[in-house]
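Biologist: Hi, could you walk me through this one? I'd like to go through the helix packing, then the sheet and a few loop residues.

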Amino acid sequence: MNTTNLIPLSLLYMQYNLEMSFFFNLNEMGLLEILTVDETKYVRPESVHAIEKMIRLHQELEVNMHGIDVILNLLEKIERLQHELISVKNRLSLYES
């Protein structure tokens with residue numbers, strides 16, 4: 001597997017001053033996909049935004065892993081509902097015109 005586009009997990013835990021177990025716990029809960037190539041752990045670059053969000057929840061708000069899971073699921077549901085609402089409003093405006 002080509003690792004040029006992947007971010008080494010060791011870089012993340014050093015940059016954010018976290019223990020490696022934080023990332024492994026996120027992986028166990030299905031919140032983060034960790035890839036292993038030649039015994040080195042990596043994450044995809046598109047995961048960084050979500051990782052930073054989880055770190056902020058954990059560090060700044062002191063939310064535990066299960067709380068992070070609940071919050072992320074609720075935020076995802078809100079986003080889906082907002083998109084659905086926009087779609088319904090757009091369809092309604094077609095009938096009102």
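Modeller: Happy to. One term to begin with: contact means heavy atoms within 4.5 Å. This is a predicted model, where local features need pLDDT of at least 70 and side-chain atom pairs count only at pLDDT 80 or more, while totals for chains, interfaces and linings use all residues. Residues are numbered from 1 along each chain as its sequence is written, and side-chain values use heavy atoms, with hydrogens and water left out.

Biologist: Great. Which residues in helix 3 meet helix 4?

Modeller: Lys 53, Met 54, Leu 57 and His 58 in helix 3 meet Ile 68, Ile 71, Leu 72 and Leu 75 in helix 4. Those contact residues divide into six nonpolar, one polar and one charged. Here Ala, Val, Leu, Ile, Met, Phe, Trp, Tyr, Cys and Pro count as nonpolar, Asp, Glu, Lys and Arg as charged, and the others, Gly among them, as polar. Helices are DSSP runs of H or I with at least four residues, strands are runs of E with at least two, and both are numbered from the N terminus.

Biologist: And at what angle do helix 3 and helix 4 pack?

Modeller: Helix 3 (residues 48–60) and helix 4 pack at about 130°, with axes 10 Å apart. Axes are lines fitted to C-alpha atoms, for helices over the stretch in contact, and angles run from 0 to 180 degrees between N-to-C directions. That makes helix 3 oblique to helix 4, since angles under 35 degrees count as roughly parallel, over 145 as roughly antiparallel, 65 to 115 as roughly perpendicular and the rest as oblique.

Biologist: Switching to the sheet: what is the strand order?

Modeller: The order is 1-3-2, in an open sheet of three strands with antiparallel pairing. Two strands pair if DSSP finds at least two bridges between them. Strand 1 (7–8) and strand 2 (35–37) are the edge strands, each pairing on one side only. Strand 2 is joined to strand 3 (residues 40–43) by three bridges, and Leu 35 has Tyr 42 as its bridge partner.

Biologist: What about Glu 39, buried or exposed?

Modeller: Glu 39 is exposed, at 78% relative accessible area; buried means under 20%, exposed over 50%, and partly exposed in between (1.4 Å probe, protein chains only). Glu 39 sits in the loop between strand 2 and strand 3, and has a positive phi of about 65° although it is not a glycine.

Biologist: Where is Asn 17?

Modeller: Asn 17 is in the loop between helix 1 (9–15) and helix 2 (20–28). Its phi is also positive, about 55°, and Asn 17 is exposed at 68%.
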